Amino acid sequence: MTADGADWARRSLGAVWHPCTQMKLHEHAPPLAIARAAGPWLYDFAGNRYLDAVSSWWVNLFGHANPRIDAALAAQVRELSHIMLAGFTHRPAVVLAERLAALAPPGLGHAFFASDGASATEIALKMSFHCWSNRGQRGKARYARLAGGYHGETIGALGVTDVALFREAYAPLLRDQPVLPSPAARDGANPQAALDAALAALQALLDERAGEIAALIIEPLVQGAGGMAMYAPRYLARARELTAQHDVHLIADEIMTGFGRTGTMFACEQAAISPDFLCLSKGITGGYLPLSCVLTTDSVFEAFYADDAAQGFLHSHSYTGNALACAAALAVLDIFDEDRVIAANRERASRWRALAGPLVDHPRVRGFRQCGMIAAFEVDDAGPAFARRFASAAQERGVVLRPIGDTVYFMPPYIVTDDEFALLVERTLLTLDAV
Ligand SMILES: Cc1ncc(COP(=O)(O)O)c(C=O)c1O
């Protein structure tokens, strides 16, 4: 590290409490100070570059310093940066709400904006409960969640998350919510059997307890933070039928899977379903600014529409519908249109699958899988602190990878070229040999 980089790292450790981090571990491995970023590359102060193969926590779609998003932001700064969205409105929020509704599965015409993924989860959970309550069904005060599910880290979102590492310290604060088996087969289990068992358990829970359950919350097709566990669209189709039959809302958390990650704009499309709530964030601004959005139906909206103020959804975040973030999101949607990104990604995904061949054949690699623009595999003989050791060995080789336990995954920005993807595979193989 150069003097500049080392100095920023030292000052950071003095002043910045880093997220999702045991700070003491930085005593021997300081954070990497990044001087600038362009395309899929991060540059440190010595000019070394690192391929951002996890899209900066799954948010970046079209690269850093993207000229089209930069230009949209520069134009928006000159017009309006931020005003509150209560009692006021503005063009970027309106146009974004309209365009998202047009792109999303049918029937989701009401957009509620917030600033991050966990807030979107909170909004969907609160809206679902409050909707039933406004309709006189106050007993519907629980949420069904999936084993291995992840929906964010605020107290409410953690309550429906099932990743022990994040939950355990706060368990006494969390309300007990029923956990259903995941439809994703793990550790070589039979995918068909896992999916059937998950559906049978869902049906049994709803048959017994639908009167107390407001919603089922799921990550469609890929359970991300729970280990990139993938499952077939059939679960979504049947879960939609069962929840509708039992008067239980379906919350599709597409915070990670949305905006093309699973091969379609939204994962729900692959089962041709419309949830009652669609939670979006991360890629929505191409990784530029914090923004999230919950889309919902006329039926939910109408349950709040009344003369009584308390029957309204009196939830807010100061930066709700931030004009700069909305302008970045509109630029992202323009890129999807202009570059026909979804069609291009279909071909890109199959080229990436072919390029990953040497990894699939590696003797320590198990369970290689891919869903659209996400690929993941487990590593045999991972050993203690594998994720940390692997991430640091990868960084030494110029790639940013952050395994989840013994699961290594690739989720790069869509603009990564085939040569860059081949380099990612090559450096991952070298990393595998080193850890
Ligand atoms: C599926 C899913 N839901 C919710 C969240 C929480 O989003 P945020 O970190 O912006 O609060 C994440 C973040 O990884 C996620 O993957």
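Analyst: On a 1 Å grid over the protein atoms alone, a pocket is an open set of points with protein on both sides within 12 Å along at least five of seven lines, while a cavity is a set where a 1.4 Å probe fits but cannot get out; lining residues have an atom within 4 Å of a point. The model is predicted, so local features need pLDDT of at least 70 and side-chain atom pairs pLDDT 80 or more, while totals for chains, interfaces and linings use all residues. Residues are numbered from 1 along each chain as its sequence is written, and side-chain values use heavy atoms, without hydrogens or water.

Helices (H or I, at least four residues) and strands (E, at least two) are DSSP runs numbered from the N terminus. H4 provides the largest share, five residues.

The two strands also belong to a sheet. E4 and E12 are part of an open sheet of seven strands in the order E4-E12-E11-E10-E7-E5-E6, and the pairing is mixed (two strands pair if DSSP finds at least two bridges between them). Because E4 and strand E6 (179-180) stand at the edges and have a single partner strand each, one side of each is left without a neighbour in the sheet. Further in, strand E10 (residues 249-253) and strand E11 (residues 277-280) run parallel and are joined by three bridges. Within this pair, aspartate 253 stands opposite cysteine 279 in E11.

H4, which supplies five residues to the pocket lining, packs on this sheet as well: it touches E4, E11 and E12, and its direction makes about 125° with that of E4. Touching, or contact, means heavy atoms within 4.5 Å, and angles run from 0 to 180 degrees between N-to-C directions of axes fitted to C-alpha atoms, for helices over the stretch in contact. Another helix that packs on the sheet is H9 (residues 233-245), which touches strand E5 (142-146), strand E7 (213-218) and E10 and has a direction at about 175° to that of E7.

The whole structure has one cavity of 30 Å³ or more, and the largest cavity contains about 50 Å³. Residues that line the largest cavity include Trp352, Phe368, Gln370, Ala375, Phe410 and Phe421. Its lining divides into eight nonpolar, two polar and one charged residue, and H12, E13 and E14 each give at least two of its residues. E13 and E14 belong to an open sheet of three strands, ordered E13-E14-E16 with antiparallel pairing. In that sheet, strand E14 (residues 374-379) is joined to E16 by four bridges, and alanine 375 stands opposite phenylalanine 410 in E16.

Methods: Grid points are joined across faces, edges and corners, and a volume is the space filled by probe spheres set on the points. Ala, Val, Leu, Ile, Met, Phe, Trp, Tyr, Cys and Pro count as nonpolar, Asp, Glu, Lys and Arg as charged, and the others, Gly among them, as polar.
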